Amino acid sequence: MRLFERRHAAELCAFFTENREHLGLELPWLAEPFDEGDVGEYIQAGLDRLAANQGFRAGIWQRGALAGCVSLHGVDWNDRKASLGYWVGQHYQGRGLVTQCLQAVIAHAFDDLGLERLEILCAADNERSRKVALRLGFQEEGVLRRSWLRQGQWVDQVLHSRLRERG
């Protein structure tokens with residue numbers, strides 16, 4: 001796992017193109033035309049997030065090949081909470097890569113950043129993503145009905161949370 005940098009734009013663009021159908025439901029902007037420049041802006045937005053102390057976006061690589069992404073975003077320093085995001089390429093599902101990387105992000109968020117609460121919001125029909133949250137010790141808090149307009153259709157989302165353990 002490492003931060004995306006501008007030098008990854010071509011690799012990430014190729015990855016998005018290859019996984020457009022697989023990731024398109026959860027990343028609906030992939031349905032729009034994009035090029036390496038657009039992907040460079042996506043990477044820059046993640047770097048800007050890091051520079052503003054509002055989280056980060058990191059790539060997951062396995063054996064030198066890009067496999068997916070994890071992110072910490074929506075950092076609310078007043079309430080000491082943030083959200084996690086993740087996606088993985090079709091050929092990398094079921095290998096535990098996201099779970100392993102998120103364990104490191106969670107430890108960083110709680111131990112290094114001092115956050116108290118992390119949230120994961122998943123489409124209710126995204127069973128794989130919901131299982132990742134539960135595997136990581138997140139609890140389902142409830143369903144946000146028709147909270148996401150995904151490709152012209154209203155979708156329910158499930159809110160998961162995990163609190164920092166008190167010792």
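In this predicted model, the side chain of H160 reaches the backbone oxygen of V158 at a distance of 3.4 Å. H160 is part of strand β7. With a relative accessible area of 0%, H160 falls under the 20% limit and is therefore classed as buried. Strand β7, which spans residues 153-163, is also among the elements that give two or more residues to the lining of the largest pocket.

The volume of this largest pocket is about 1,100 Å³. Its lining comprises 44 residues, and those nearest the pocket centre are E26, Y86, W87, N126 and S129. Two or more lining residues come from each of the helices α2 (20-24), α3, α4 (97-112) and α5 (127-135). The strands that contribute on this scale are β3 (65-76), β4, β5 (117-123) and β7. By class, 22 of the lining residues are nonpolar, 12 are polar and 10 are charged.

W87, one of the residues nearest the centre of the largest pocket, also takes part in an aromatic pair with F15. The structure holds 8 aromatic pairs. A pair of this kind is described by the distance between the ring centres and the angle between the ring planes. For F15 and W87 the centres are 5.6 Å apart and the planes are at 35 degrees, a tilted arrangement. F15 belongs to helix α1 (residues 9-18) and W87 to strand β4 (residues 81-88), so that the pair links distant parts of the chain, 72 residues apart. Both F15 and W87 are buried.

A second pair is formed by F16 and Y42, with ring centres 5.6 Å apart. The planes of F16 and Y42 meet at 80 degrees, and the pair is therefore edge-to-face, an angle over 60 degrees being the criterion. F16 has a relative accessible area of 0% and is buried. Y42, at 17%, is likewise under the 20% limit and therefore counts as buried.

The charged end of R57 sits over the ring of Y42, at 3.9 Å from the ring centre. R2 lies over the face of W61, also at 3.9 Å from the centre of the ring.

Polar contacts between side chains include one between E119 and R117, at 2.7 Å. E119 is located in strand β5. The relative accessible area of E119 is 16%, and this residue is therefore buried under the 20% limit. The side chains of R135 and T99 are joined by a polar contact of 3.4 Å. R135 is located in helix α5, and its relative accessible area of 54% places it in the exposed class. Between R135 and G40 the C-alpha to C-alpha distance is 32 Å, with a separation of 95 residues in sequence.

Positive phi values occur at two non-glycine positions described here. For N53, phi is near 60 degrees. N53 is situated in the loop between α3 and β2 (56-62), and its relative accessibility of 45% makes this residue partly exposed. For Q151, phi is about 50 degrees, although the residue is not a glycine. Q151 is situated in the loop between β6 (139-150) and β7, and at 46% relative accessibility it counts as partly exposed.

A further loop position is A124, between β5 and α5. A124 has a relative accessible area of 24% and is partly exposed, a class that lies between the 20% and 50% limits. A124 and R145 are separated by 21 residues in sequence, and their C-alpha atoms are 9.3 Å apart in space.

Note on methods. Residues numbered from 1 in each chain as written. Predicted model: local features only at pLDDT ≥ 70, side-chain atom pairs only at ≥ 80, totals over all residues. Heavy atoms only, no water. Phe/Tyr/Trp six-rings, centres within 6.5 Å; stacked < 30°, edge-to-face > 60°. Helix = DSSP H or I, 4+ residues; strand = E, 2+ residues; numbered from the N terminus. Buried < 20%, exposed > 50% of the residue type's maximum accessible area, 1.4 Å probe, protein only. Lys NZ or Arg CZ within 6 Å of the ring centre and 35° of its normal. 1 Å grid on protein atoms, 1.4 Å probe; cavity = no way out; pocket = protein on both sides within 12 Å on 5 of 7 lines; lining within 4 Å. Points joined across faces, edges and corners; volume = space filled by probe spheres on them. Nonpolar A, V, L, I, M, F, W, Y, C, P; charged D, E, K, R; others polar. Polar contact = N/O pair within 3.5 Å; in protein donor to acceptor, adjacent residues only side chain to side chain.
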